[in-house]
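Hi there,

Here is the structure I promised to pass on to you. Have a look at it first, and then read on for what turned up.

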Amino acid sequence: MTHTARRMFELLEPICLVTYFADECNEELAALGHRGYWDGYFASRAAPLGRVPAQVVHAAFYSFAEGEAARHIPSAWETIPPEASVAARERGSAASLRRILGDELAGSPGLGRAADLTTKAATNAPTEGRVMYAGMRTLPVPSDPVARLWHSATMLREHRGDGHVAALVGARVGGTEAHVLDALAKGIHPPESFGRLHHLPKERLAAVMDGLRERGLVDADGGFTEAGRETKQRIEALTDELAAPPYDALTPAELDELVTELEPVTAKLVAAGSR
């Protein structure tokens with residue numbers, strides 16, 4: 001099932017990425033009155049948790065630097081109800097999928113079947129210890145197949161993300177440190193130039209890199225050590241293992257069918273860069 005979890009991540013992630021890469025979702029959130037991309041991001045992604053304080057959002061998201069959530073939460077909700085942001089995110093994401101996939105693929109029986117099977121997996125996993133996933137589970141599942149596919153893929157993404165956070169915590173790797181290891185795994189050097197890091201204060205980045213050097217995870221030049229590479233691989237393997245339970249709800253035949261139906265959808269999205 002670990003292999004299945006990795007394969008499903010590869011197939012479902014491009015569906016989820018339209019939320020962050022394509023224009024429609026940002027336009028829907030801007031139309032509500034959110035001041036910019038990150039206002040809409042934090043407001044719509046955190047909204048399933050309810051009106052929790054910034055400290056809770058920071059803890060649940062995990063990967064953002066101290067203070068980043070507080071720049072947007074709760075101010076993003078002061079004039080725009082969380083429910084409105086959730087609905088705008090769904091509308092925009094579904095619209096992006098329909099545009100990229102085209103009418104024929106978006107309206108195909110295969111996509112509808114993929115939506116049904118993805119939903120079956122996404123609604124049959126335990127919620128214990130899965131804060132973001134549990135929040136998504138409180139939302140109604142859309143009836144429209146395209147919206148349902150996006151919604152259920154996003155539930156599974158948050159389920160996987162919760163497990164990834166658990167793996168990082170177990171490895172004593174903080175959110176900013178995780179971005180450094182991710183940058184190195186992607187071949188980005190220096191890792192401080194990675195898009196999720198370069199905007200942070202130089203003093204903060206230097207402290208993170210010094211801490212990773214002291215632990216023997218990066219070398220003097222800011223590259224992977226063998227221990228750092230092994231740590232990253234161990235985190236990813238555990239993330240896959242923890243992401244597997246939803247797919248226990250599907251029979252082997254259903255899993256094969258889901259992969260078959262998702263492959264043309266994912267191929268179209270990858271070709272477009274989910275934009």
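For what follows, two residues are in contact when they have heavy atoms within 4.5 Å of each other. Please keep in mind that this is a predicted model.

Let me begin with the nonpolar cores. The largest one has 40 residues, and Ile15 and Leu262 touch the most other members. At least two residues of this core come from each of helices H1 (2-21), H5 (82-106), H6 (109-122), H7 (131-137), H8 (145-170) and H12 (252-272). If you set aside the neighbours within four places in sequence, Ile15 is in contact with Leu97, Leu149, Trp150, Ala153, Leu262, Val265 and Leu269. There is also a second, separate core of 23 residues, with Tyr62, Ala178, Phe194 and Leu197 among them. As background, nonpolar side chains in soluble globular proteins tend to be buried together.

Next, the rings. The count of aromatic pairs comes to 12. In one of them, the ring centres of Tyr37 and Tyr41 are 6.4 Å apart and the planes make an angle of 20°; under 30 degrees counts as stacked, so this pair is stacked. Both tyrosines belong to helix H3 (residues 37-46), where they are 4 residues apart, about one turn of the helix. Tyr37 is partly exposed, with a relative accessibility of 32%, whereas Tyr41 is buried at 12%.

Phe61 and Phe64 make a tilted pair, with 6.1 Å from centre to centre and 45° between the planes. Phe61 is buried at 5% relative accessible area, and Phe64 is buried too, at 7%.

Arg196 has its charged end over the ring of Phe64, 4.7 Å from the ring centre. Likewise, the charged end of Arg160 sits over the ring of Phe9, at 4.3 Å from its centre.

Finally, a word on helix H4 (residues 54-61). Which of its residues are buried? They are Ala54, Val57, Ala60 and Phe61. Viewed down the axis of H4, these buried residues fall within an arc of 130°, so they line one face of the helix. They pack against H3, H7 and H8. After H4 comes Tyr62, with a positive phi near 70°; Tyr62 is also one of the residues in the second core.

Note on methods: Residues numbered from 1 in each chain as written. Predicted model: local features only at pLDDT ≥ 70, side-chain atom pairs only at ≥ 80, totals over all residues. Heavy atoms only, no water. Core = buried A, V, L, I, M, F, W, Y, C linked by side-chain atoms within 4.5 Å. Buried < 20%, exposed > 50% of the residue type's maximum accessible area, 1.4 Å probe, protein only. Phe/Tyr/Trp six-rings, centres within 6.5 Å; stacked < 30°, edge-to-face > 60°. Lys NZ or Arg CZ within 6 Å of the ring centre and 35° of its normal. Arc of directions from axis to C-beta.
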